[in-house]
Number of protein chains: 4
Amino acid sequence: MNTFGRIFRVTTWGESHGEAVGCVVDGCPSGLWLTVDDIQKELDRRRPGQSHLATSRVEDDAVEILSGVFEDKTLGTPISMLIRNKDVDSSKYLAIRDTPRPGHGDLTWRLKFGHVDWRGGGRGSARETAARVAAGAIGKKLLREHKIDIFGFTTQIGNVKISESPDFEIKGIHEIIESNPVRTIDVTKARDMEEAVVDARRRGDSVGGVVECVALNVPAGLGEPIFNKLDAGIASAMMSIPGVKGVEIGKGFELAKMLGSEANDEFVIQNKKIKTRTNNSGGILGGISTGMPIVVRVAVKPTSSILKRQKTVNLETMKETTIKVEGRHDPCIVPRVIPVVEAMMALVLADQGRISGMIPEKLK
Amino acid sequence: MNTFGRIFRVTTWGESHGEAVGCVVDGCPSGLWLTVDDIQKELDRRRPGQSHLATSRVEDDAVEILSGVFEDKTLGTPISMLIRNKDVDSSKYLAIRDTPRPGHGDLTWRLKFGHVDWRGGGRGSARETAARVAAGAIGKKLLREHKIDIFGFTTQIGNVKISESPDFEIKGIHEIIESNPVRTIDVTKARDMEEAVVDARRRGDSVGGVVECVALNVPAGLGEPIFNKLDAGIASAMMSIPGVKGVEIGKGFELAKMLGSEANDEFVIQNKKIKTRTNNSGGILGGISTGMPIVVRVAVKPTSSILKRQKTVNLETMKETTIKVEGRHDPCIVPRVIPVVEAMMALVLADQGRISGMIPEKLK
Amino acid sequence: MNTFGRIFRVTTWGESHGEAVGCVVDGCPSGLWLTVDDIQKELDRRRPGQSHLATSRVEDDAVEILSGVFEDKTLGTPISMLIRNKDVDSSKYLAIRDTPRPGHGDLTWRLKFGHVDWRGGGRGSARETAARVAAGAIGKKLLREHKIDIFGFTTQIGNVKISESPDFEIKGIHEIIESNPVRTIDVTKARDMEEAVVDARRRGDSVGGVVECVALNVPAGLGEPIFNKLDAGIASAMMSIPGVKGVEIGKGFELAKMLGSEANDEFVIQNKKIKTRTNNSGGILGGISTGMPIVVRVAVKPTSSILKRQKTVNLETMKETTIKVEGRHDPCIVPRVIPVVEAMMALVLADQGRISGMIPEKLK
Amino acid sequence: MNTFGRIFRVTTWGESHGEAVGCVVDGCPSGLWLTVDDIQKELDRRRPGQSHLATSRVEDDAVEILSGVFEDKTLGTPISMLIRNKDVDSSKYLAIRDTPRPGHGDLTWRLKFGHVDWRGGGRGSARETAARVAAGAIGKKLLREHKIDIFGFTTQIGNVKISESPDFEIKGIHEIIESNPVRTIDVTKARDMEEAVVDARRRGDSVGGVVECVALNVPAGLGEPIFNKLDAGIASAMMSIPGVKGVEIGKGFELAKMLGSEANDEFVIQNKKIKTRTNNSGGILGGISTGMPIVVRVAVKPTSSILKRQKTVNLETMKETTIKVEGRHDPCIVPRVIPVVEAMMALVLADQGRISGMIPEKLK
């Protein structure tokens, strides 16, 4: 099932070492100004080889828009986008095609589908997230019409955590995040996080982390109880990202040890509007946005591909063996997963915006 | 959006103080033995008033099956079920209908829908979960045909946590869990957890916790990458439950600080089958079940209704005021949310089972 | 698959001789005035026993609203409705449960589902359409807020046809249609049509017909190319009605023999608005409403249940045999199918209205 | 809404004079042998310029497969296909972009979307059906694994009709149909049909017709009552094709004048299997396939683009004017719509096959 959304719908396709990856965005309103640059700048943030922490695979990830846009404005028809795979080196994968890599979906995809594209992880590769980022870029553009601003940042890599939740309303927050290669918001921790990544790589290992994603200026009223609640949609979106194993909204797991009197966000009046004094709920109550910032955190596991020798099984001989996963991999995917997390947030909000009527089918 | 699932689909309906709550289960195969008792025994586990820790609202929650079953076997047609609301006392709610209760969806529902049923939280009340449990009971019955066993238990209430992950394969695990009012699997912690609940209530407060849910004997191959991955479906299902603010699969957030060499589950051969030595992935790789136990944990916030006075706003006067939420509430919903968590797990697995063909449209 | 629609969604359930039939309407906006009477008056038009042409099964078809409405206004939550089956006489069906009735779905349902409710056709009975009419009544009420008026009428029974398309804008068109038991718009043909029905019954036979359904004041712009075009949605809706075997929009099959210069509806200005001079397209161009009346015709086959002896097969012995279908049946379902056709039209338009934003999620 | 299907799902995209048209096929099982040739041969049957009756636009319609296939076998992942638009001549359309062509969707698309691609009809052009044919080719290949054979043919053009329903079981039926440029099954009528087309063109006019589509060897049991009945799905699929204004199953509208005793298909035993003596129901009873041939007929309107001068309205000045639609058009689309009708039939059956389990998610 490669389609996401009810009205603003995205269908993605493509294998890591196939011809291309791409997506079709359906249900985008007509009349939105949109150029390749809007898409490309987001893809560039996800692109491999962007920093010394990322894989050395060289992909310029140049996107083509094949339909749905005319004279730089969307038509309300499906927007088809395509990104060619260029720097494909499948040689490393041939040797290991019968020995599933621990932590990867190699085994489960093979059990489910039988015939698989073993080159570079095929469809199971995180390369598919380029298509999500392309689609998300349209979602973001659409949401900016409503002043909705989405950004993600690293709050933890390995044992290095930022101390507390930052002030989201400060100016230049996007620039601060992009100013360091780990994309953390607390620049005092950037160096330590970077070191955690470098250290893992040095040891032929990898390391995990946590990404926080925030959406500002989301109006109250988005979300469709009871099964398409805003938080349910976000949880599904985030958990579908390769490597993500946990999602929490607002205080999340910390709420487990809190009392109701601590956890509840009291209502107050600010500038003649109803706000909550705190935002432990992460901007969502009863599955519907409150008007406060939407705050989500996702747990990202350490990259599964590591140089250390691991136990596995040869699927042809059904005997135990070992594997050393060579190839070009990020020792920590946290910095590069951020644009993907943002994209998924944008897809959820754009869809909820369309469903609720906040975003009409035709822009003026 | 009150329907869940793609092939095995559940639509729920009903307000807390309306006539009834209920659901329609569509896509259940024909030929499944099913009686009211199969449903009722699950509802009894969720029922209010079952222990001294739960609300004193008295509902026998007797379910009626109105369609889809003939001669105690399912027909493959929609199964409609209905549970009357009986012990309805709306008096406490009239006074507070214009003052949204902190932590509840009162405000957001009102902003979204305008006209709301203010009695007992209306559709936003956790009473709707009775319908989920009824539907989930059918899912469980169906899954038991494939020896799939689902159970949930408390791992944390307030500051009391169980020490480590238990052995799921022990006999009588359902009985152990049901043997204590907090439904924990580590009975040595049951008393402390109970005390945490009682203590919160004594102070007119409430307390949160964590529930773990496990599904045993799920075959490899369930899950639909990339947007209906098994973990994405579970995350959505769990996050749609009232009070749940976090979901993690396997080691979840703990993976953030782990190295790849620690996190990866190595493949080994056991009894001529491929297993993983550890199960940090919680039985899901690449969005598809591995054949190992599915392990999910959800963060449950403290009950929003507390006796302590809290700040709020009067929506008619748009002035700040305070509120004391009377009525009958669980000081901790963790024990009663467990059957709901299990039900949602069953709905996800039954649906994925239908989609994958594991569960046919007609049982023999 | 017992759910219809994308945003305004209806799920129906129930077997002919089970406890009840009913439906859940999800995605109806909040704030719509709605009482049982709004539903009941439509059900009364579909009810058995309403004229000497209809089955003698006596059902008052009294509907209960169980959720989604509070203080006579919709809540935006699912509206659950229930109609008890009362005059159930299954005795006639026991004898023929292994000999499928020609023209009915008995055989195909049995092959598909194995275990079936053989009483009165079970879920395959046209009794399920009561639930559609109940749901459609809500759709109609919603559409009337936008002045959209839906009505159906008989254009043919057996060999008796009305001569040409009537003027839909005349006053009292609903009353004219309801003034004769066959519900034709051309009252000069009513007696002949009635006679065709009576004649068929006299011979232990049944007869088919054609129903036309019109929606006035549908604004231009409804429909979602290319797979949820307005006409595609209508076609699906109509063809799902028991006994319907053909659907045409506007001139339909007559267009096959026309030239383009005859078929094309030229655009003209009337009252400063763009209209078409003719309406051969039935109000739909490119899958989107034009603003002209939506005109649909459906072919209704003769009632399958007839007293004449027919060949069939005994499914237990797999030998040929014969059957005489006793029980209480309409010799012609055309008059009673009209409210069902209208209901399906209303469901399509209400859903398209919600999708397009014409109908918001909250009425003022 | 540009996606069709529930499990076997097709999303199409592309404007007539844009870069390309294409589609993504999701839910196709893994392990199906598939090459570009399988797709291309179907596209060649729909291609413009294939006979003297068709438009002179020259498109080789060469398809590229971008994903989902590896080593000539499907992967179970989305299959992305692309067909470049080459012989694009938009010059004729600039002059008429503000004067909607009668019979076309120009006006309704403009009212709905505001910003439109006026070149060659944009997304409203029948060019989008190339993508349907590409997707349908995969559906056909999949169905052939189950010996299901689909073919369409012309039964009427203008006033020329074939006399009666042919024998579908004769050998070489595909070759007979392809042997004449109008693709009729009754070759004795081919010349007259051809003449009807040529005559219309000679007069600067166009002509309509009827296409019948048959699927042989469809097993009993496909179809999902009550809203995704097999006939409802087919009706929706067919009515979504540009130019189609009517759909009938089996005897269709002829049933209106028949008696039940004539219309009902009696059950008999043939070769130890249950068959129906006649097939007035077109192979579908109760919304489920009977095992007899599926028989569908669609009414195709005359091509809307004609050289004759017609009335229209200038949307900028809102004044009446006239239009003469130049450009390259088929005077009768019936022959070229046949591969599209077949493709839609294949998509419906492939989806129902997947839903019912007839087609598994993994081929052996």
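Mentor: A crossing is right-handed if the near helix is turned clockwise from the far one by less than a right angle. Keep that in mind for this predicted model.

Trainee: In which hand does H7(C) pass H7(D)?

Mentor: The axes of H7(C) and H7(D), residues 230-239 in each chain, come within 7 Å. The contact on the C side includes C:Ala232 and C:Ser236. On the D side, D:Ala232 and D:Ser236 are among the residues. The crossing is right-handed.

Trainee: Are H7(C) and H7(D) roughly parallel or roughly antiparallel?

Mentor: Their axes cross at roughly 160°. Angles over 145 degrees count as roughly antiparallel. That makes H7(C) and H7(D) roughly antiparallel.

Trainee: What kind of axis relates chains A and B?

Mentor: A rotation of 180° superposes chain B on chain A, with 0.0 Å of shift along its axis. The RMSD is 0.0 Å. The two copies are thus related as by a two-fold rotation axis.

Trainee: Which C-alpha of chain B is nearest that axis?

Mentor: Look at the rotation that superposes chain B on chain A. The nearest C-alpha in chain B lies 2.4 Å from its axis, and belongs to B:Ser236.

Trainee: How far apart are the end C-alpha atoms of H9(B)?

Mentor: H9(B) runs over residues 334-356, so 23 residues at 1.5 Å each should span 33 Å. The model agrees: the end C-alpha atoms are 32 Å apart.

Trainee: How many residues of H9(B) are buried?

Mentor: Buried means under 20% relative accessible area. H9(B) is largely enclosed by the rest of the structure, because its buried residues number 23 of the 23.

Notes
Residues numbered from 1 in each chain as written. Chains lettered and ligands numbered in written order. Predicted model: local features only at pLDDT ≥ 70, side-chain atom pairs only at ≥ 80, totals over all residues. Heavy atoms only, no water. Helix = DSSP H or I, 4+ residues; strand = E, 2+ residues; numbered from the N terminus. Expected span 1.5 Å × (residues − 1). Buried < 20%, exposed > 50% of the residue type's maximum accessible area, 1.4 Å probe, protein only. Least-squares fit on C-alpha atoms with pLDDT ≥ 70 in both. Axes fitted to C-alpha atoms, helices over the stretch in contact; angles between N-to-C directions. Parallel < 35°, antiparallel > 145°, perpendicular 65-115°, else oblique. Contact = heavy atoms within 4.5 Å.
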